[in-house]
Structures are given as C-alpha cells and as structure tokens.
Amino acid sequence: MHTYSHAVFTWALARYYDPEESHAAIWGAAGSTLPDMPTLVRAAHLVWRRRSEISKEEFKEEFYEALEYYEEPSGKLDLTVHSLVPVAAMLVLYRALELKDRSLLYFLLGWAGHNLMDFPTHAEDARPPFWPLFKWRWKSPISYWDRKFYALPCLLVEHGTILALALAFLHQSYRGTVGKRKALLEAPR
C-alpha cells in the first residue's frame with residue numbers, strides 16, 4: 001500500500017473511533033508513515049544527489065533500486081520498522097508503564113497498522129513480519145505496485161476507498177455546518 005494511503009486510512013480510522021481526540025488521528029497517521037521513512041529518505045537523497053548527473057532512464061533505474069522495488073528488501077532499519085516485534089514490545093511497555101499520553105498510543109497503533117496492512121499488499125518485496133525473531137515472510141498474491149501481481153485492481157480499490165472516505169468526510173462536514181446554521185437561525189433572539 002502507498003505511504004499516503006496508510007496515513008489516510010489510519011487518520012480516518014482514528015477519527016471514526018475517537019472523534020473527540022483530533023490530535024490522535026494526526027499522531028496515528030504519522031505513526032503509519034514511519035515504516036516507509038528509511039526508504040523514502042534514501043530515495044530523496046538519490047534524487048537530490050543525482051538529479052542532473054544521469055539520463056532519465058538511468059535515474060529511473062537507480063530510483064527504483066533505491067526504493068527496493070526490484071531487489072530483495074534489505075537493511076536492518078527497514079526490516080526493524082516493518083516488523084511487528086519492536087512495535088509490539090513498545091505497546092507492551094506503554095501498557096506496563098500505564099502511560100496516559102494517548103498521542104504515543106495512536107502513533108504506535110498507526111505503526112502497527114501499517115505493518116499489518118503491508119502483509120496482504122506485498123508480493124516479491126514482502127518483509128518478514130516477525131523479524132529478527134523469525135526470517136519467515138509471506139509473499140502475498142497481491143502487490144500494490146507490481147503489475148504481475150494485480151497492481152491495477154489493488155490501485156483502484158486503494159484509491160477508490162480514499163475517494164469514498166474523502167466524500168464521506170466532506171458530507172459529514174457539510175451536514176455539521178448546515179446543522180449549526182440551522183440551529184443559529186432557529187435560536188430565540
């Protein structure tokens with residue numbers, strides 16, 4: 001799943017479950033982007049460093065390689081942030097310390113949610129979900145980016161869901177605005 005989709009879905013889910021905690025949705029969305037940050041930073045560094053040195057085709061090849069689309073996922077930081085082990089340990093620690101900061105909880109839940117949603121949407125580039133305890137990884141028959149693994153239907157579902165969420169939130173916002181105006185007009189003077 002695309003990084004921005006993780007953020008949108010987590011934000012919407014947090015807004016649905018805890019509408020009074022507006023900052024919770026933001027923290028959840030931030031946590032959901034954490035696993036992709038090492039790769040995105042590496043790609044941004046490549047863009048900055050190589051932007052005028054090579055041809056567009058060479059750049060495209062290097063860019064995809066930096067994003068690890070064609071290579072086996074590697075790098076301990078990437079494996080760590082895409083694993084459920086560290087985030088589960090932090091959630092247990094959060095609970096054990098009886099912390100009250102819900103922002104941290106939503107951040108951790110967003111991070112865990114990202115890793116769970118990557119499970120069914122990564123084929124050849126799947127990461128081991130319980131690394132470093134187990135190196136086992138499940139290659140999904142679906143990939144959010146690889147055309148050999150139904151990327152187009154996956155893309156349509158992913159972005160169709162984002163569109164539906166945007167329309168639902170716009171409708172909800174409109175209903176709230178109309179309701180407030182109606183209440184103001186009906187209020188005794």
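User: Which side chain makes a polar contact with the side chain of aspartate 36?

Analyst: In this predicted model, the partner is the side chain of histidine 82, at 3.2 Å. Aspartate 36 lies in the loop between helix H2 (22–33) and helix H3 (37–50).

User: Is aspartate 36 buried or exposed, and which side chain of opposite charge is nearest?

Analyst: A salt bridge needs a side-chain nitrogen of Lys or Arg within 4 Å of a carboxyl oxygen of Asp or Glu. Aspartate 36 is buried and has no salt bridge; arginine 127, the nearest side chain of opposite charge, is 5.9 Å away.

User: Beyond its neighbours within four places in sequence, what is aspartate 36 in contact with?

Analyst: Contact means heavy atoms within 4.5 Å. For aspartate 36 the list is Thr3, His6, His82 and His114. His114 is also one of the buried residues of H7.

User: What covers the buried residues of H7?

Analyst: The cover includes helix H1 (3–17), H2, helix H5 (76–81) and helix H6 (84–96). Among the residues buried in H7 are Leu105, Tyr106, Leu108 and Trp111.

User: How many residues does H7 have, and what is its reach?

Analyst: H7 has 17 residues and reaches 24 Å from first C-alpha to last, close to the 24 Å expected at 1.5 Å a residue. At its start, a side-chain oxygen of aspartate 101 comes to within 3.1 Å of the backbone nitrogen of serine 103.

User: Where is tyrosine 150, and is it buried or exposed?

Analyst: Tyrosine 150 sits in the loop between helix H7 (102–118) and helix H8 (151–186). Exposed means over 50% relative accessible area; tyrosine 150 has 54%, so it counts as exposed. Leaving aside neighbours within four places in sequence, tyrosine 150 contacts Pro141 and Ser143.

Notes. Residues are numbered from 1 along each chain as its sequence is written. This is a predicted model: local features need pLDDT of at least 70, side-chain atom pairs count only at pLDDT 80 or more; totals for chains, interfaces and linings use all residues. Side-chain values use heavy atoms; hydrogens and water are left out. Helices (H or I, at least four residues) and strands (E, at least two) are DSSP runs, numbered from the N terminus. Buried means under 20% relative accessible area, exposed over 50%, partly exposed in between (1.4 Å probe, protein chains only). Lys and Arg count as positive and Asp and Glu as negative; His and the chain ends are not counted. A polar contact is a pair of N or O atoms within 3.5 Å; within protein, one must be able to donate a hydrogen and the other to accept it, and residues adjacent in sequence count only if both atoms are side-chain atoms. The expected span of a helix is 1.5 Å times one less than its number of residues.
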